[in-house]
Amino acid sequence: MFFRVIPKREIPDLVRGLAHEFEVVGPVAKGESFVFAPLTDPSELRLDYDTTLLPAKQWFFPASETLMRFRVADNAVVDDSVDVTPRVLFGLHPCDVNSLLLMDNVFLGDDPDPYYKARRDNTLIVGLSCMPTDTCFCDAWGTDETHWGFDIFLSEIGDDYYASIRSVKGAEVVDRYVTGREVTEEDTAAFQARTASFKAAFASDIDTSQLPVLLDAKYDSGIWAELGDLCLSCGACSMVCPTCHCFDVHDELEADQTHGTRVRTWDSCMFRDFAEVAHGNFREVRAARVRYRYYHKQWGYLSRFERVLCVGCGRCTRACKAHIDPPRVVRALQTGVVDR
Ligand code: SF4
Ligand code: SF4
């Protein structure tokens with residue numbers, strides 16, 4: 001990794017240059033919120049955004065996608081091409097960069113998912129420093145920092161960005177589209193000071209120590225029934241989560257019945273029919289579904305990949321009408337009481 005200083009005023013030049021080679025997707029305003037969307041002009045980019053409604057996963061694992069088209073008569077695949085639009089995701093905060101690394105463990109393992117992989121291989125990631133909001137708790141999981149998973153990472157230092165450059169492609173575009181001067185000791189000191197003020201700004205006090213042990217010990221606790229009573233089974237927490245990755249696959253026949261498409265859509269373990277199988281439903285009640293979600297994220301994934309499947313982005317905190325989120329669940333595990 002090496003470093004350059006890029007003046008903020010040159011960001012529009014960088015975006016315009018990138019747009020010659022890529023579709024540039026970044027945070028833009030939508031009402032009072034923000035979403036990641038393709039830019040038609042650099043002025044749309046809102047690098048002052050707090051978080052986006054939906055996470056970056058949609059650009060690698062869309063909410064709905066056609067996996068293939070098939071012919072019914074002989075069951076033959078007639079088209080399984082993958083969308084490989086070269087793309088830049090511009091302005092991902094550290095939690096969202098980290099979320100993609102967690103998704104990679106799932107989709108790029110021993111048997112890589114070709115759809116996810118094609119998009120990942122063709123996407124440049126430009127990360128961006130942020131300041132925590134009152135719903136952020138990425139510091140609890142260590143996902144407030146990222147040292148991998150990006151091509152360029154822009155850390156704000158006054159009127160400039162301290163750019164960490166991790167890949168050859170990242171170096172090429174910086175070289176091509178902005179001045180990118182060498183860093184000085186003063187720049188590095190400003191970067192360190194900025195990082196310190198970021199760390200000091202977290203308001204969250206979630207204590208994640210001994211969490212797997214607590215989960216093991218409290219599997220039969222009454223807190224799950226209490227949380228289940230609150231849960232609406234709406235699945236919003238999964239949809240907005242950058243690390244939730246469950247999906248359903250179904251076939252749709254075309255009107256003349258000669259061809260069909262196989263479609264993959266996001267699914268959620270919080271939906272009742274997620275666990276509906278031939279012999280019945282193995283997670284019939286909401287308490288079982290809330291418990292499963294937390295055991296999968298904070299125990300099951302951890303036991304396999306040594307990281308929890310949460311980056312503390314706070315999107316579920318904002319989305320859940322029942323106010324169920326990791327900080328509240330962790331507090332309930334520690335105290336044995338669901339706070340009201
Ligand atoms: S935890 Fe909240 S967001 Fe998730 S399904 Fe239940 S009510 Fe909906
Ligand atoms: S569980 Fe909530 S806080 Fe954690 S990554 Fe998912 S949406 Fe973000």
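Mentor: Let us begin with contact: two residues are in contact if their C-beta atoms, placed from the backbone, lie within 7 Å. Please keep in mind that this is a predicted model.

Trainee: How many residues of domain 1 are in contact with domain 2?

Mentor: The protein is divided into domain 1 (2-200) and domain 2 (211-335). On the side of domain 1, 34 residues are in contact with 27 residues of domain 2. Strand 4 (64-71), helix 2 (94-107) and helix 4 (138-141) each supply at least two residues of the side of domain 1 that touches domain 2. By class, that side has 20 nonpolar, 9 polar and 5 charged residues. The C-alpha centres of the two domains are 26 Å apart.

Trainee: Which residues have the most contacts inside the largest nonpolar core?

Mentor: The general idea is that, in soluble globular proteins, nonpolar side chains tend to be buried together. Here the largest nonpolar core has 52 residues, and those with the most contacts inside it are Val 88, Leu 89, Val 126, Ile 152 and Ala 163. Helix 2 gives the largest share of this core, 6 residues. At least three residues of the core are drawn from each of domain 1 and domain 2. As for Ile 152, its contacts, not counting residues up to four places away in sequence, are Val 126, Ala 163, Ile 165, Gly 170 and Val 174. Apart from this core lies another, of 13 residues, among them Leu 211, Trp 224, Ile 324 and Leu 333.

Trainee: Which residues of helix 12 are buried, and why do they line one face of the helix?

Mentor: The general idea is that an α-helix has 3.6 residues a turn, so residues three or four places apart point the same way. In helix 12 (residues 326-335), the buried residues are Pro 326, Val 329, Val 330, Ala 332 and Leu 333. They line one face because, seen down the axis of helix 12, they fall within an arc of 160°. Their cover includes helix 7 (211-217), helix 8 (223-230) and helix 10 (286-305). Just after helix 12, Gly 336 takes a positive phi of about 80°.

Trainee: Which residues of helix 3 are buried, and which exposed residues does the face turned away from them carry?

Mentor: In helix 3 (residues 114-121), Tyr 115, Tyr 116 and Arg 119 are buried. Seen down the helix axis, these residues fall within an arc of 95°, so they line one face of helix 3. The face turned away from this buried side carries Pro 114 and Asp 121, which are exposed. Strand 4, helix 2 and strand 7 (123-128) are included in what covers the buried residues of helix 3.

Trainee: Where does Asn 75 lie, and what is its phi?

Mentor: Asn 75 is placed in the loop between strand 4 and strand 5 (76-79). Its phi is near 60°, a positive value in a residue other than glycine. With 7 C-beta neighbours inside 10 Å, Asn 75 counts as exposed. Glu 306 has a phi near 60° and lies in the loop between helix 10 and helix 11 (315-319). Glu 306 is exposed, with 8 other C-beta atoms within 10 Å.

Trainee: Finally, which of the residues that surround ligand 1 are the closest?

Mentor: Ligand 1 is surrounded by 13 residues, of which the closest are Cys 231, Cys 234, Cys 237, Met 270 and Cys 320. By class, the shell around ligand 1 has 10 nonpolar, 2 polar and 1 charged residues. The residues around ligand 2 include Cys 241, Cys 310, Cys 313, Cys 316 and Pro 326. The shell around ligand 2 has 8 nonpolar, 3 polar and 1 charged residues.

Conventions: Residues are numbered from 1 along each chain as its sequence is written. Chains are lettered from A and ligands numbered from 1 in the order in which they are written. This is a predicted model: local features need pLDDT of at least 70, side-chain atom pairs count only at pLDDT 80 or more; totals for chains, interfaces and linings use all residues. Domain bounds come from an automatic or database domain assignment. Helices (H or I, at least four residues) and strands (E, at least two) are DSSP runs, numbered from the N terminus. Ala, Val, Leu, Ile, Met, Phe, Trp, Tyr, Cys and Pro count as nonpolar, Asp, Glu, Lys and Arg as charged, and the others, Gly among them, as polar. A residue is buried if 20 or more other C-beta atoms lie within 10 Å of its own, exposed if 12 or fewer, and partly exposed in between; C-beta atoms are placed from the backbone. The arc is that of the directions from the helix axis to the C-beta atoms. A nonpolar core is a set of buried Ala, Val, Leu, Ile, Met, Phe, Trp, Tyr and Cys residues joined through C-beta atoms within 7 Å. A residue is near a molecule or strand if its C-beta atom, placed from the backbone, lies within 6 Å of it.
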